[in-house]
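Here is a short report on side-chain packing and backbone details. Keep the sequence and the 3D view open while reading.

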Amino acid sequence: MTQPIAKRFPTPSIESLPDDIRTRLLALQEKSGFIPNVFLTLAYRPEEFRAFFAYHDALMERDSGLTKAEREMIVVATSSANQCHYCVLAHGAILRIRAKNPQIADQIAINYRKADITPRQRAMLDFAMKVSAEAHKISDSDFAEIARHGFSNDDIWDIAAISSFFALSNRMANVTDMRPNDEFYMMGRLPK
C-alpha cells in the first residue's frame, strides 16, 4: 500500500500545477530521480510555494562564510529539536552527501554536542538552537561568543535566518503530516 505524501491536505497532481512549478518539479525529478514530498505538498498553495522556495534557495544556495554542509547541520539540529521527522531525514541525507560523511547527520540529529564537529561548528549550532528555541533570550554576549569563533555579521544572520526559516518548514511538515520519501533513508550512507 502506498503511503500518502501528506495526510492532512490534498497533493496536487503535477499536471494541474502552474507551468513554472511543474517545470521545477520535473527538472528536480530528472536530476535526483524523484520529487521530494515537500515540493509536492507545498505546491498545494502555488504562491506560497514560490515564496518559500525563493527564500529557501536564497538562504541555502548562496556563497557565504558557511559551507553548504554547515547550513544543513543547522537544519538537521534545529529540525531534530522541533521534532520534524521529514526535515531531519531529508536534510540529513543532504548533509551526509555535502559533508561526505555517512555518520554526521545521525550524530547531529541525536545530540550535536557529541557529534564529530569542530568547536566552530558547535558554536554555530549552539547559536542556531538558541534562535530556534529561545530567540527572545539572544543577547550581546551570544553575538560576542559566536563572533569569537570567526563568524561575520553576515554569517550570524545566515545562522539565525536558516534556523528561523526551518522553524516554519518544520511546523508545516508536522501540520501536514508530511511523509519523508523512502529515498532519503539511504542517501549518502553507502559509497557509490
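Which residues form a nonpolar patch on the surface? In this predicted model, the patch is made of Phe9, Tyr44 and Val175. Together they have about 260 Å² of accessible area. Tyr44 sits in the loop between α2 and α3. Its relative accessibility is 37%, so Tyr44 counts as partly exposed.

**The core**

The largest nonpolar core has 54 residues. Those with the most contacts inside it are Tyr86, Ile108, Leu125 and Ile159. Several helices each supply at least two residues of this core: α1 (19-32), α2 (37-42), α3, α4 (68-81), α5 (85-99), α6 (104-111), α7 and α9. The most comes from α9, which gives 7 residues.

Leaving aside residues up to four places away in sequence, Ile159 touches Leu66, Ile74, Met124, Phe127, Ala128, Ile146 and Phe151.

**Aromatic pairs**

A pair of aromatic rings is described by the distance of the centres and the angle of the planes. The structure holds 11 such pairs. Two of them are set out here.

| Pair | Centre to centre | Angle between planes | Class |
|---|---|---|---|
| Tyr55 and Phe165 | 5.3 Å | 80° | edge-to-face |
| Phe127 and Phe143 | 5.7 Å | 85° | edge-to-face |

Why does the pair of Tyr55 and Phe165 count as edge-to-face? The planes of the two rings are at 80°, and the class requires an angle over 60 degrees. Tyr55 lies in helix α3 (residues 46-60), and Phe165 lies in helix α9 (residues 153-176), so this pair ties together parts that are 110 residues apart in sequence. Tyr55 is partly exposed, at 40% relative accessibility. Phe165 is buried, at 4%.

Phe127 and Phe143 also form an edge-to-face pair. Phe127 belongs to helix α7 (residues 119-134) and Phe143 to helix α8 (residues 140-147), so the pair ties together parts that are 16 residues apart in sequence. Phe127 is buried, with a relative accessible area of 5%. Phe143 is partly exposed, with 36%. Phe127 is also one of the residues that Ile159 touches.

Ring pairs also build a cluster. Its members are Phe39, Phe49, Phe52, Phe53, Tyr55, Phe165 and Phe166.

**Around His56**

Is His56 buried or exposed? At 14% relative accessibility, His56 counts as buried, because the cut-off for buried is under 20%. His56 is placed in helix α3. Not counting residues up to four places away in sequence, His56 touches Glu61, His91, Phe165 and Phe166. Phe165 and Phe166 are members of the ring cluster. The C-alpha atoms of His56 and Ala161 are separated by 9.9 Å. Along the chain, His56 and Ala161 are 105 residues apart.

**Positive phi angles**

Most residues other than glycine have a negative phi. Where does Gln83, with its positive phi, lie? Gln83 is in the loop between α4 and α5. Its phi is near 55°. Gln83 counts as exposed, at 66% relative accessibility.

Asp177 has a positive phi too, of about 60°, although it is not a glycine. Asp177 lies in the segment after α9. Asp177 is partly exposed, with a relative accessible area of 28%.

How values were computed:
Residues numbered from 1 in each chain as written. Predicted model: local features only at pLDDT ≥ 70, side-chain atom pairs only at ≥ 80, totals over all residues. Heavy atoms only, no water. Phe/Tyr/Trp six-rings, centres within 6.5 Å; stacked < 30°, edge-to-face > 60°. Helix = DSSP H or I, 4+ residues; strand = E, 2+ residues; numbered from the N terminus. Buried < 20%, exposed > 50% of the residue type's maximum accessible area, 1.4 Å probe, protein only. Core = buried A, V, L, I, M, F, W, Y, C linked by side-chain atoms within 4.5 Å. Contact = heavy atoms within 4.5 Å. Patch = residues over 30% accessible without salt bridge, like charges linked within 9 Å, V, L, I, M, F, W, Y side chains within 5 Å. Areas by Shrake-Rupley, 256 points an atom, 1.4 Å probe, with all protein chains shown as cover. Salt bridge = Lys/Arg side-chain N within 4 Å of Asp/Glu carboxyl O.
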